[in-house]
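Here's a friendly walk through a protein assembly. Have a look at the sequence and the structure first, then read on.

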Amino acid sequence: MLRYAYYPGCSMDSTGATYKKSIEFVAEKIGLDLREIKDWNCCGATAAHTKDEMMALALPARNLALAESEDLGLDIAIPCAACYSRMKYSLHAVRTDEEKKEQIQEIIEMPYEGKNDVLSFLDIFSTEEAMEACRSKMVRTLSGLKVACYYGCLLSRPHEVTGGEDTENPMDMDRIVALTGAEPVDWSFKTECCGASHQVDVPKEARPLLDRILRNAQANGAQAIVTACPLCNMNLDMRQAEINEKMEKKYNLPVYQFTELLAVAMGAGAKEIGLHKHFFPAFELMKKYAKRAGENG
Amino acid sequence: MNDTLEIKREAQLRETARRLLEDGTVGYIIGWGTTRFEDKTAPLFAAKPEEADRLVWNEYCINSLAKYSLDDKYPEKKIGICVRGCDSRAVNRLVNDKQIERENLFLIGMPCSGKENSVCEGCSHKNPVVYDILIGEPVEENTEEKASAERFREIEEFEKMSPDERYEFWAKQYDKCIRCYACRNICPACSCKECYADQYMVGWQGKQNNRAESQVYGLTRAYHVGDRCIECGECERVCPMGLPIMRQTKKMLKDINDLFGNYECGVESERAPVLGEYDLTDRDEFM
Amino acid sequence: MQLDKSDLQEALRILSAEAGVFVPSVVEGVSRFALWDGESSIDLSRVNTELPPKDILFPQTEKMYSYKMGKNIEIKEIIDNPKQVVFGIRPCDVKSIGCMDKVFLEKTYVDSFYAGKRENLTVISVGCTQTDRTCFCDSMGLSPSDAPGADVMMNDTGDTFVVEAYTDKGKQVMEAWKPLLKKGGKKPAAPECTLKVKMSPEISVKLSKMFEHPIWEEVSRPCIGCATCTYVCPTCYCFDMNSDNHSSEGTKFRCWDSCMFSDYSRMAGGHNPRPGKKERVRNRYMHKLSYFNERYETSLCAGCGRCADKCPAHMDITAFIDRVAEEEMENA
Amino acid sequence: MSVEKNWEPKIIAFTCNWCTYTGADLAGLNRMKYPENVHLVRVPCSSRVNPQFILRAFQKGCDGVMVCGCHPGDCHYATGNYFTRRRFMLMKRLLEYNGIDPQRFQARWISGSEAAKFRDTMTQVTAQIRELGPNSKFQEKWYQEGGPENE
Amino acid sequence: MSRTGVIICHCGTNIASMVDVEKVAEEIGKIPGVVYSVTNKYTCSEPGQQMIKDAIEEHSLDRIVIGACTPRMHETTFRKMLKGTKINPYMLEIANLREQCAWVHTDKEKATEKAISLVRMSVAKVGSNKPLFTSFIPIHKKALVIGGGIAGIQAALDIADAGHEVTLVEREPSIGGKMVMLDKTFPTLDCSACISTPKMVDVSAHPNITLKTSCEVEAVTGYVGNFEVTIRQKARYVNHDICTGCGLCETKCPSKISDEFNQGIGERKAIYKLFPQAVPAKPVIDAQNCRKLNGSAKCGVCQIVCPLQCIDFEDKDQLITETYGAIVVATGYELIDWTKLYGEYGSGRYADVISGLQFERLVNASGPTEGHILRPSDQKEPKDVVIVKCVGSRDEKKGKSYCSRACCMYGAKHAHQILEKIPGSNVYIFYMDVRTPGKGYEEFYNRTREDGATYIRGRVAKIYKEGDKLICTGEDTLIGKPVTVKADMVILETAMVPARGVEEIVSKLGISMDGDHWVQEAHPKLRPVETQTAGIFLAGTCQGPKDIPDTVAQASAAAVKVCGVFSKEQMETSPMISRVNEEKCCGCEFCVKCCPYSAIAMKEIDGREGNRKIKRMVATVNSGLCQGCGACTAACRTGAIDLLGYTNDQILKEVDALCL
């Protein structure tokens, strides 16, 4: 059964709005039951772990403990890669280090045993059950649209913590996206850092990081980039124009969340999922390729 | 003990036993039967279907049964044995030590929520770890915390005493020993054809009963079985003089756990005893 | 005559001036007869001690002689026969001493080690006021309150003991106690064993015809072959001889042995006439209930119940006797 | 128990033929000096030493017992001393648990070239045991001379 | 009662100056059973020995104790002496009164006391000695060499040249191994095939060598001089007795399969020779890919075209058992599968990221490109080539911690070959260190640099594709800056790992491996070609990474070891080995677990249970394998297994004697 505890994280109502909308649309379609954790708090991502290890472990752990306290035995679904990474760190600590486990429990003043798993949305959609559910709901095809699936650095690394598939060339998103008829290209920067946390303070140093991703995607024939994280998405989407301007490039790579592609293929209207709200124009390309299923060309 | 559940289990046991004897799956079944005292049962060997009803299952079924299979190592038909958690580990012990063939046994698993026996406190395997048929539903195991807290508690306490106090304690215990060898004969890890202690001609051990000889016996036995002890506690139960014999073997087990990692015997059917293997990275304290 | 219970310590003190006095006590948690130190309490609360008093006469390990080899071989007998008194011994154990007397002192051979100790031993029995659930001495023809083989018989009446001398040795004890003894006292009625066993002289005869009976196979199966029953038995008297050798010198000793050990009957060449537990259990039961009767006209079981109480496999000689009593003789 | 006059510790060392026994020979060759109390029993490999020998030595009256072999990894028979190591780590603890002073039983790795280590070890162990005094634990002589009444 | 004779040696003044030998002899003489106790000035001398011989006669002695120097000195001397008497040589014990008493003590009284104790211990021990007899095992002078690479070839040729029969077993259809795949060898740049194929031919032509290709070792039992080896001859489907190797079948075969000899670059047929110069030069059928044999089509064209009717589709595997006196293990190496470990190098998704061995085939004149360096993806000549060293080597996290020893040199060789064959080409070598310990190696490396190879110190962090270029990014650690090289082709100089299946062969032979599965030598320095099992020797890279000269040297060394074994007709074995008392043995197998030589096996014997006859298992010691360490004896709780010469009884008696 596709039922999970759900930790949306802070970006879902801001930078991740389109992600949220498309998730909701797809969830509705395939019967994905997401139960938001009550009274959740910030996962501490980007800042906490540079300050204090225990704080960085305890913040996410409280959310996981809340989910566990509901005693539904549900794994926790997390849309944001940064949240996911932090949660995974906490879970890993609790499962492998008795001492840290005790400390964490003490800080959050709650029992927490790490019984349930922490899953990214890629984990969830790549299950046989979810793939099958999606397949059955497809009403359009994005056939001919060449996309580069960008996973970012946090979904697969470090391997000891995430236990994820290939850290260099993961394929989960590629397989999910292929359901829509879109064609994922073979490229080499799926898990390379996009420099998100440097974009504000040292943009000059960070730009080349984005540039190489965009360049390699384009060089391998991609027409768009697909992500599975509000932060990656924003970074690639919002700063593409800036790269073009400052580095004198001519990238034209709309950036979608993979759920947006799924939603479109399941018949979502552009406004329904906020396709028109991207920084880098994303509507036209989608319009060009989205066809009713069975239609040729 | 949940009485109605256990009464039901007894009925199921008898029914199963009868069936196994009737259809010839087993030659006979080793279980527990009544004695003239209500609070004692004795090993029962049921060979005919009508004897199945003499099998009992209650809180006094404390005798371990697996070792009786050694009386009949080459049976014509399978031997049926009622196995609680501890008995099943004893079976694994004997199989591991190449004393019996698993195929010669038909194990009737008896989930056991503890008997009138102090060793059952902190039991780590209430349900049989190996069986051919399970009678009734499994019972809830002790939590790992409880079992592990209980496991070496006494040993840790004892280790706190001074060497002289420890010596004094054991010396007084061995003064009591009458060398009846009940501890050895009941033990599933003691399966030598001829115990070293009986080989007076070789001279490992004198037959005279005194402190020094009993100490040699006690320590040698502890060393001989310590890395294979399944912690059933039978040695202590059968000792007519009340020696805390398991405190010696458990000491070995505790050290093994400390030195070589988690170790519990008789839980897996194939595992080399700690002294039958080595690891290049073993701690080196001898310099 | 009567002895006030409050005078018991004093009475024993009088005896201990002349002899080592063994009293029932608890040593490191084990109830047994131990040499009295003149002060410690005397434990008469139990019906029977866990360990029988037989080791006073027949120690578990007894040195017999020492030797020294060299140009000439020196051999020295070890004689250790102090004057001893055993106090508080129950009628069943007194009867057991009687059994051992027969073995070590009667018929053909007199065992000098035993004889020396027996000669110097005074037996003061105290009758039972209650019985244990494994007691069956009255089924074996004994009385819980009377020990005909004792030197002195004492019975508890509450505040006092009724004291009676049965032998000359007993009279000497009474003489020594004279200042403490008062006239009068009535011997209390004997308690009755709750456990009744269908023992009779016929059982012995019946058993003698049951050597090949299938019952042995069955009753022996739970036996684990340890020596518990024989070592807690007050009448088992088997021993083995061995030496404790140190190069050219050493001692020869004898020590208890048990017919329940698999190597007990094994001969030098490896042959064992009693190869399995069937044969060994049969031998023990037969010895207790039949063979001994044939030779000495009394049973070698006094009904103390220790073996039934201590057997690790919960085997029970009383159940066996009843089984035999019920057995149809056609099968025999 | 009063210490006998002129009491000398009696120490037995079970030594592997290829390492420690050779090391002891080398110590001799180099005329190194160490106390007379140490007596070597030559065995092919430290893995030949049955832990029961240790008990026997204490029972019969040794004040100190040693087992010495090749350093782990250098066993003449490749793996023998790995077994030795396990056996005696456990046996040592069991002995101590039963009241034997840790210094009375010691295992050491001494190679054929470590004559100085052999000398130093034997000197040191002898001194330790001298300090501890005679051993009565596990000793049968203690029994023969009266047993519990001695104390 | 035994009659022991004791001789206390003065050793000139060596012992006598510190030990009162007369007193020792006197005290020992008091022990029952000692019927003769004297001193002697020099016991090991001729007169000393004669005195013992005379005493044996005169006093009817049945055993001897000598208090003298260390038994490690003269035990053999005195045993030899006893051979000429009526006493068995093993009825002797020596108390070490010199090295372990007189020489190390300073107090004569105490030293004398100790000497008495030591001799008393020996007297006690000798009382339990039993006559022991050395046995002789015959040596089958025939060697088995496992693996037909250059190591196996060299070992086989050397043994055969010494006049002994050799069987060379190779699992592939041809011998030659890795060396024959190589193009040129460093540092001399000889053609590898030109120097190795003549040796292959020598092997096939040598009258003393039986060549068994397509064969694997199935089972090994026995011991030095007498290994019973079962060899599986895999079905070849071609009758090599008749086949002339004309090659017609090969040309007609319709199946095309990726060519493993060419490292997957290029194709071969289902009926094929491994390579043109294969020895034997006859084809075999690859049953898995043959249309007829795998049932995918009727085919059988080879059978039709064969002029001599050599093709036999009914051919089956055959088992052959033979006895060998010695075995040389030369199973070699293979390259680590980097594609499973290095995602950052594309996990094998980029056709132009190749291994060093693939490059050897590319550059080899008999390879798929006939020696033209053309990159696999588009058959274009690469201009910019990156060579990455230590891929899988010296990389604990992803690969192996060890250095593979040969890569620095063949990396340089590859660079040299590219620069030589492709004018105007650029070669960039990413390296951690350059290690060139070998004759002419450093010079070769320097030459390569002079040729124009660019050495960049650092690991490549990522290889990715953009267009038809492979972008290699990494750090130049000498200048501390990131570098990016756009390459047309990348060569990974990957780690050597033991050949697949080495675990099985090791367990069949009862020898051991280290943590990386290299076969374990008996001693890393002093016995590098021997194993713990007598009669089994190592040659080449099965023991650890090495280059060709080292491999060949070790192969010759192994051959000499084999010849050493074969120099005797029979071998004397020590009688001081373990023995099982079957009556006591309960069959628990604890002894089996701790035997380093796999000398203990279980066997079935007749037994009794009550009145029934039964079969039971007991341990049994193989006297050819047992080396007498005694580890088993301490594992046996029953004491059923005992070590002759050091029995439980003997050692207990020594302990007791000390404690008197």
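## A histidine with neighbors in another chain

Leaving aside residues up to four places away in sequence, His314(C) touches Thr35(B), Lys40(B), Thr41(B), Ala42(B), Ile62(B), Asn63(B) and Arg237(B). Keep in mind that this is a predicted model. The side chain of His314(C) also reaches the backbone oxygen of Thr41(B), at 2.6 Å.

Where does His314(C) sit in chain C? You'll find His314(C) in the loop between α9 (306–310) and α10 (317–326) of chain C. His314(C) counts as buried because its relative accessibility is 12%, and the cut-off for buried is under 20%.

## Where chain E meets chain D

Let's zoom in on one interface. Here 45 residues of chain E are in contact with 43 residues of chain D. Together, chain E and chain D bury an area of about 3,800 Å², with carbon and sulfur atoms giving 57% of that. Three residues, Arg72(E), Gln100(E) and Trp103(E), supply 16% of the area that chain E buries against chain D, which is more than any other three residues.

How many salt bridges does the rule find across the interface of chain E and chain D? The rule finds five salt bridges there. One salt bridge pairs Arg48(D) with Asp642(E), and their closest N and O atoms are 3.4 Å apart. Several elements of chain E supply at least two residues each to the side that touches chain D, including α3 (71–83), α4 (108–126) and β34 (641–643). The largest share of that side comes from α16(E), with seven residues. Sorted by class, the side of chain E that touches chain D has 21 nonpolar, 14 polar and ten charged residues.

Other chains keep apart. Chain A and chain B do not touch, and their nearest C-alpha atoms are 13 Å apart. There's no contact between chain A and chain C either, with their closest C-alpha atoms 42 Å apart.

## Salt bridges inside the chains

Side chains of opposite charge can pair when their charged atoms come close. Over all chains, a search of the whole structure finds 118 salt bridges. In chain B, Arg247(B) pairs with Glu154(B), the closest N and O atoms being 3.4 Å apart. Arg247(B) is in helix α9 (residues 246–260) and Glu154(B) in helix α4 (residues 153–159) of chain B, so this pair ties together parts 93 residues apart in sequence. Arg247(B) counts as buried at 19% relative accessibility, whereas Glu154(B) is partly exposed at 40%.

Chain E has a salt bridge between Lys142(E) and Glu322(E), with the closest N and O atoms 2.3 Å apart. This one links distant parts of the chain: Lys142(E) is in strand β6 (residues 142–146) and Glu322(E) in strand β17 (residues 318–324), 180 residues apart. There's also a network of salt bridges that links Arg93(B), Asp97(B), Asp227(B), Arg228(B) and Arg637(E).

How long should helix α4 (residues 81–96) of chain A be? At 1.5 Å a residue, its 16 residues should span 22 Å, and the end C-alpha atoms are 22 Å apart, which agrees.

This helix, α4(A), is mostly covered, with twelve of its 16 residues buried. Among the buried residues are Cys83(A), Arg86(A), Lys88(A) and Leu91(A).

Notes: Residues numbered from 1 in each chain as written. Chains lettered and ligands numbered in written order. Predicted model: local features only at pLDDT ≥ 70, side-chain atom pairs only at ≥ 80, totals over all residues. Heavy atoms only, no water. Contact = heavy atoms within 4.5 Å. Buried area = accessible area lost by both parts, 1.4 Å probe. Salt bridge = Lys/Arg side-chain N within 4 Å of Asp/Glu carboxyl O. Helix = DSSP H or I, 4+ residues; strand = E, 2+ residues; numbered from the N terminus. Nonpolar A, V, L, I, M, F, W, Y, C, P; charged D, E, K, R; others polar. Expected span 1.5 Å × (residues − 1). Buried < 20%, exposed > 50% of the residue type's maximum accessible area, 1.4 Å probe, protein only. Polar contact = N/O pair within 3.5 Å; in protein donor to acceptor, adjacent residues only side chain to side chain.
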